[in-house]
Amino acid sequence: MFKISRGLAPKYLTDLATLYVAPRALRLTSRDQYHPVKIRTKTYGERQLSCLGPTLWNKLPTDLHMANDQRSQFIIPNNTPIVKLECSSAFDSLTPKEKQYAHYLSKAGWAGGLICLLQTSPESPLIFSLLLRLFRGQSIEELKKGAIENVSGLTEDEFEAFLVYCATFLSNFGNYKSFGDTKFIPDISKEKFEGILNCSEAHKQDAAGFDKLWAKIATAVFSLDQKVKQLGYGEKGLTTYFSSNCTEADLELTKEFMNKKKIQAYNTRLFKKVDNGKSSYEVRLASSETDGNEVDLPLGSHDHNSVDFTVSRGDYAPLMAQVVENLKKAKESAANPNEEKMLEGYIQSFSTGSIEAHMEGSRHWIRDTGPIVEGYIGFIESYRDPFGVRGEWEGFVAIVNKEMSAKFGSLVENAESFLPYLPWPKEYEKDTFLRPDFTSLEVLSFASSGIPAGINIPNYDSIRQNEGFKNVSLGNVLAGHSKDQNITFLEDSEKALYSKLKTPSFEVQVGLHELLGHGSGKLFVKEEDGSFNFSADKVIHLETKEKISSWYLSGETWDSKFPVISSSYEECRAECVAIYLCLHEDILKIFGHEGQAAQDIIYINWLNMVRAGVLGLEFYTPETNTWRQAHMQARFVILKVLLEAGQGLVTIERRTGEDGQPDAVVKLDREKIQTVGKEAIGTFLTRLQLYKSTADYKSAKGMYDGYSAVNDDSPEQLLSLRSIVMARKQSRRMFVQVNSTISQEGGVCLKTYEATAAGIIQSYVERYSDRDYESILHDLWQKDAAHFN
């Protein structure tokens with residue numbers, strides 16, 4: 001019956017079982033109950049599979065029905081799409097000097113990329129070391145031949161599953177998915193996994209050392225204990241951004257201390273010690289230097305509310321040193337003074353631990369408009385910190401796509417005329433729109449746990465509000481995501497148009513999201529001298545209609561004021577801005593869409609958003625009532641807003657799929673987008689901006705948590721719908737990236753790899769072949785291992 005329920009049984013058996021589909025979604029209905037056939041003869045009829053099978057199956061607890069499905073959530077299937085991140089043509093167009101600059105920027109990014117391992121899980125640095133040692137020892141073909149011959153019962157599919165696990169680990173810089181933050185484990189038994197390791201050349205060369213390394217991580221690699229299934233803190237998950245004994249109260253206390261000392265959290269980790277019942281805390285800054293003092297860093301011991309705090313530096317020191325070394329080499333090929341000053345700021349920041357120095361480098365990055373080679377590096381996005389304030393390492397290098405950049409340039413030129421279309425009054429908008437550089441880029445390297453489709457940076461509020469920012473759209477990433485996959489949860493009649501327009505509509509969404517989503521809206525601030533950056537006597541609260549009574553104090557940031565929800569809330573606001581503004585024909589015309597074509601783009605863009613809201617249920621964990629991915633939570637919230645609008649704008653219909661399993665279809669009435677949809681998003685968007693502008697965390701969190709709730713209290717039965725989404729989820733694409741090397745003649749060469757799991761593995765082995773990274777990672781792991789027991 002299990003195989004029948006999962007579509008794995010032969011058709012002649014599947015035809016004997018009839019799936020029960022409730023006339024409406026019931027809270028307690030299992031997703032795979034079956035009708036026993038009516039029998040005429042009791043003696044033999046009850047023993048027929050068509051009767052006995054469904055009867056026994058329906059009596060089993062639901063958790064047994066789902067046991068294998070639950071494990072499947074943590075498996076990466078062999079058919080996971082792998083796509084080349086094409087950039088050869090763009091790279092070939094560079095001058096020798098530009099290639100040198102791009103090469104050393106990439107090297108710096110990849111050196112720092114190993115920090116992601118230390119930011120993900122305690123075992124990730126050692127797993128990486130094991131894989132590096134394994135695949136350096138021999139070719140993948142040689143390893144496969146030896147494994148098939150020597151590991152009892154090992155099949156080619158199982159060896160491929162081994163490779164897929166290794167490739168996924170390397171692509172994510174850890175054993176948790178970068179998009180969703182859930183753990184993944186090998187789709188192969190522990191015995192066979194160990195068998196492959198034991199018959200390798202690496203094991204033959206140092207069996208004792210190899211076995212010792214494997215013994216430290218073997219349990220963690222395969223563990224699916226509740227606490228380690230996803231990233232989080234406390235009992236809700238695992239993190240290495242702070243020690244495992246930290247509670248939310250510890251994080252709030254540390255936030256107060258860091259605000260008082262004007263320490264931004266981006267490049268920090270937190271470690272708690274308890275001696276004789278008294279807690280003390282170490283705030284450690286990432287830097288290559290490990291001693292000495294800096295004028296702008298409050299290093300040393302401090303008392304805060306009778307609690308001992310120590311501010312230290314030197315986190316990830318040997319890796320930060322390699323970042324600095326390569327940035328110095330990149331500076332020799334910088335194209336202009338802004339690039340030189342930018343790199344000087346980064347070098348100082350990564351050497352000393354000073355975020356102020358990184359901010360200064362970021363200012364010069366903003367001023368470096370229209371570069372041929374673009375790049376940004378540092379502790380950037382806070383999505384993976386469960387508290388939402390510490391940055392994950394990210395370093396990207398890319399080459400400009402002039403044709404697509406021209407469209408974005410036109411969007412920037414007209415941005416000031418589009419801002420009044422937004423639903424909040426001008427007092428809630430920045431006094432001056434700071435026109436950013438907005439380019440479409442072909443990624444050469446992206447060293448982090450994942451690769452986004454667009455970026456709006458820097459994330460420093462003081463710079464974004466007063467000096468500007470940059471937007472980039474990553475063209476070859478967008479192209480990679482356009483590769484065909486099965487389109488779920490849409491009517492068959494919609495799929496052709498959706499497939500045709502998903503990429504161009506997404507280009508519109510990304511452009512508006514990054515430029516006018518993240519680039520709009522004002523934060524009300526009271527400065528240290530008591531002055532305000534807004535007219536405190538005149539600006540009216542949009543709900544109470546009274547004067548504004550809350551604001552940011554000097555030194556407070558969006559991230560620090562809105563912990564936990566800041567990332568998803570801001571992504572939701574940017575997504576809402578984009579779907580709201582795409583309703584205007586003059587905006588769509590910039591992207592080349594007019595008339596009926598423009599109306600189709602609007603429809604597909606909105607349809608993609610509501611479908612994404614349904615898909616977002618994959619990234620919600622009912623057991624801990626937590627969301628694991630900021631963007632998908634945001635899209636689910638938007639779906640809830642549009643469902644709440646009613647009037648038939650969005651509907652979700654349950655049905656049985658062609659495979660006989662439960663399915664669903666989301667429908668959007670395109671005739672009501674400009675009326676019901678626009679009003680609903682406009683009202684919601686106004687509240688999002690109101691609470692953000694006024695630093696009203698309590699109201700923001702109450703509203704956002706309400707829309708983020710997943711339950712069966714609505715007619716759509718969204719919690720029950722999640723089981724259908726999980727059953728039909730598809731693997732996220734992986735990208736295989738190029739490597740650049742210096743030839744014997746001194747020129748920079750590009751090496752590409754096949755779009756396979758083996759290709760990804762080989763790219764990482766060659767990327768990290770010039771240093772003893774195993775020793776570096778082992779020493780860094782050993783230094784802090786006690787904090788994560």
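Analyst: Of the 21 residues of α27, 16 are buried, so α27 is largely enclosed by the rest of the structure. Keep in mind that this is a predicted model.

User: What span does helix α27 reach from its first C-alpha to its last?

Analyst: Helix α27 covers residues 595-615, which is 21 residues. At 1.5 Å a residue, a span of 30 Å is expected. The span in the model is close to that, at 30 Å.

User: Where is V666, and what is its relative accessible area?

Analyst: V666 sits in strand β18, residues 662-668. Beyond its neighbours within four places in sequence, V666 has contacts that include L607, V610, R611 and V614. Others among them are F489, L490 and I652.

User: How far is the C-alpha of V666 from that of T488?

Analyst: V666 and T488 lie 178 residues apart along the chain. In the model their C-alpha atoms are separated by 9.5 Å.

User: Are α12 and α14 roughly parallel or roughly antiparallel?

Analyst: The axes of α12 (residues 190-198) and α14 (residues 207-222) come within 12 Å and cross at roughly 155°. Angles over 145 degrees count as roughly antiparallel. The two helices, α12 and α14, are therefore roughly antiparallel.

User: Which residues make that contact, and how do they divide by class?

Analyst: From α12 the contact uses K190, F193, E194, L197 and N198. From α14 it uses F210, D211, W214, A218, T219 and F222. By class they are six nonpolar, two polar and three charged.

User: How are α16 and α33 oriented to each other?

Analyst: The axes of α16 (residues 317-331) and α33 (residues 773-784) come within 9 Å, crossing at roughly 135°. P318, L319 and Q322 of α16 meet Y773, I776, L777 and L780 of α33. This contact has six nonpolar residues, one polar and no charged ones. The orientation of α16 and α33 is therefore oblique.

User: Which two residues does a cis peptide bond join?

Analyst: Most peptide bonds are trans. Here omega is about 5°, and P458 lies in the loop between β11 and α21. The cis bond joins I457 and P458.

User: Is N305 buried or exposed?

Analyst: N305 lies in the loop between β6 and β7. Its phi is positive, about 55°, although N305 is not a glycine. With a relative accessibility of 53%, N305 counts as exposed.

Notes
Residues are numbered from 1 along each chain as its sequence is written. This is a predicted model: local features need pLDDT of at least 70, side-chain atom pairs count only at pLDDT 80 or more; totals for chains, interfaces and linings use all residues. Side-chain values use heavy atoms; hydrogens and water are left out. Helices (H or I, at least four residues) and strands (E, at least two) are DSSP runs, numbered from the N terminus. The expected span of a helix is 1.5 Å times one less than its number of residues. Buried means under 20% relative accessible area, exposed over 50%, partly exposed in between (1.4 Å probe, protein chains only). Axes are lines fitted to C-alpha atoms, for helices over the stretch in contact, and angles run from 0 to 180 degrees between N-to-C directions. Angles under 35 degrees count as roughly parallel, over 145 as roughly antiparallel, 65 to 115 as roughly perpendicular and the rest as oblique. Contact means heavy atoms within 4.5 Å. Ala, Val, Leu, Ile, Met, Phe, Trp, Tyr, Cys and Pro count as nonpolar, Asp, Glu, Lys and Arg as charged, and the others, Gly among them, as polar.
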